[in-house]
Amino acid sequence: MEMQEKQGLNGEADKSREAEAEGSKENVKLKQEVGLWSGIALIVGSMIGSGIFVSPKGILRETQSVGMSMIIWLLCAMLAMTGALSYAELGTLIPKSGAEHAYLNEVWGPLPAFLFAWTYTIVIKPSIISIVSLITGTYVVESVMTTCDGNEQIVLMKVFAALSIGIICFINCYSVRWANAVQVIFTAAKLFALVIIVIVGFVKLFQGGTQYLSANTAFIGSSPKAFSYGIAFYQGLWAYESWNHLNFVAEELVNPTRNLPLAIGIGIPLVALFYLLVNVAYFTVMSPQELLDSNAVAVTFAERTLGPMAFIIPIFVCFSTFGSANGNLFASGRLPYAAAKDGHLPQILSFIHAKKLTPSISLITTSTIAVLMLIPGDFDTLINYFSFATWFFYCSTVAGLLYWRYKYPDLKRPFKVPIICPIIFVFASVYLVVAPIINEPLIEFLYAFLFILAGLVFYFPFIKYRYSPKFMNPVTLWLQKLFIVVPTVKRTQ
């Protein structure tokens, strides 16, 4: 009987949504407006942001050799691919927005799903948007306002970062098509910039710039510490972050059974190819020490190779980070919406705009937290010690796929990934959770763990025992009128 219930998961979910829509006064729901090319643009545009301009330095610092840094870039691509393909199976099996939240809730139950939503909604996703937007502001100020002193520059960087967050929030709230168009346009722009770097790098390569890339010198000085490579992986995987973004918008994807795995199969290898070629280009004109000394690797590369045209690289970096922030908000803004539909966050977050049919409250909430995170402006430690939490949730999600493969071997799967992919991903995730703590047991890891556990304070009274403060109903009604939002489906209890 339990097997039959799982086999009918897709059909029952569809019937449930239809019944809830029929019981509403208006049939309002998110539209399926994300096609194959929009999906590829979302993956590529979200992944290619600041990482390729920042992470080469961090990876080289940890690996201590050009050859090992290139291997880390390749392994990060393979790991992202195994994870994304595993998520593609889950996404076609559980066709709900919210990615990990939906999968954890179906496989392991509401508690891990809530802790995931709690951690990601409050800290991880808003901080990523803040970091990427701050890099946008940094390149704008350094390119245009070079006469400002240090303090003025910091303030202006944060102002431009907040402005960019506000712009992408408005676009995403106003129209899904607008957000998709922005994603496609800025993805094309950033790919054009990377093509310029790659072409120049190949020219330098054929001119003899192979000193640091030859087999005789590439691996000299490689770090002997096995666990130090965990930090290098974090740096590289930061550049590949967002490989799971298409799963956050599964309900809005046209023909998800086909387009979800296909977009992943095209998007991630494309990003990996560009990353490897761009790193090769960097080392044709910079020594490892010069790359480590550079505060903006792409800018240093442009200054040495493009002459008077070097100014175009900072401009394209702004395009890249702006497009990445747009993709991150588009995807991560669906998480509070999906979690609220399952009763794990306040009900108002599951409402969508009555006319625009966008999850505007969820998007505004994520953007507001991201802007507030600009005030302190120091995100390096935040990302480092929450990265292990990110990979813990990734590991738990893909482990759920393996568990369902074992428990329900005959379950109809629209897309089935080779079993070796989730196995590799789970083992790698365990390493990425444990290695940085062993290599560098910072107190921040404990802070992150305690923050996750702090979610239990909210889970038991509000989720498990369904306590609802009396003031919530009038507040929800007031916000509903203010933002012109309506519920899509009944709240799950």
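Guide: Partly exposed, as the word is used here, describes a residue whose relative accessible area lies between the buried limit of under 20% and the exposed limit of over 50%. The model under discussion is a predicted one.

Visitor: How does Y403 count, and at what relative accessibility?

Guide: Buried residues fall under 20% and exposed ones over 50%, with partly exposed in between. Because Y403 has 29% relative accessibility, Y403 counts as partly exposed. Its class is therefore partly exposed, at 29%.

Visitor: Which residue forms a stacked aromatic pair with Y403, and where in the chain does that residue lie?

Guide: The whole structure holds 32 aromatic pairs. In one of them, which is stacked, the ring of Y403 has its centre 5.2 Å from that of its partner W108, with 25° between the planes. The pair links distant parts of the chain, 295 residues apart, since Y403 belongs to helix α18 (residues 380-407) whereas W108 is in the loop between α6 (100-107) and α7 (110-144). The partner, itself partly exposed with a relative accessible area of 41%, is W108.

Visitor: What separates F458 and F462 along helix α21?

Guide: F458 and F462 also form a stacked pair, 6.4 Å centre to centre and with 25° between the planes. F458 is partly exposed at 37% relative accessibility, and F462 is partly exposed at 34%. Because they are 4 residues apart in helix α21 (residues 456-464), their separation is about one helical turn.

Visitor: How many residues does the largest nonpolar core have?

Guide: Of the 493 residues of the protein, 57% count as buried. Among the residues with the most contacts inside the largest nonpolar core are W243, I264 and W391; beyond its neighbours within four places in sequence, I264 is in contact with I43, M81, A84, L85, A88 and P269. W243 and W391 also belong to one aromatic cluster with Y87, Y103, Y394 and F425. The size of that largest core is 143 residues.

Visitor: Which charged residue lies over the face of F330?

Guide: The charge counts as sitting over a ring when it is within 6 Å of the ring centre and within 35 degrees of the ring normal. At 4.1 Å from the ring centre of F330, the residue over its face is R334.

Technical notes. Residues numbered from 1 in each chain as written. Predicted model: local features only at pLDDT ≥ 70, side-chain atom pairs only at ≥ 80, totals over all residues. Heavy atoms only, no water. Buried < 20%, exposed > 50% of the residue type's maximum accessible area, 1.4 Å probe, protein only. Core = buried A, V, L, I, M, F, W, Y, C linked by side-chain atoms within 4.5 Å. Contact = heavy atoms within 4.5 Å. Phe/Tyr/Trp six-rings, centres within 6.5 Å; stacked < 30°, edge-to-face > 60°. Helix = DSSP H or I, 4+ residues; strand = E, 2+ residues; numbered from the N terminus.
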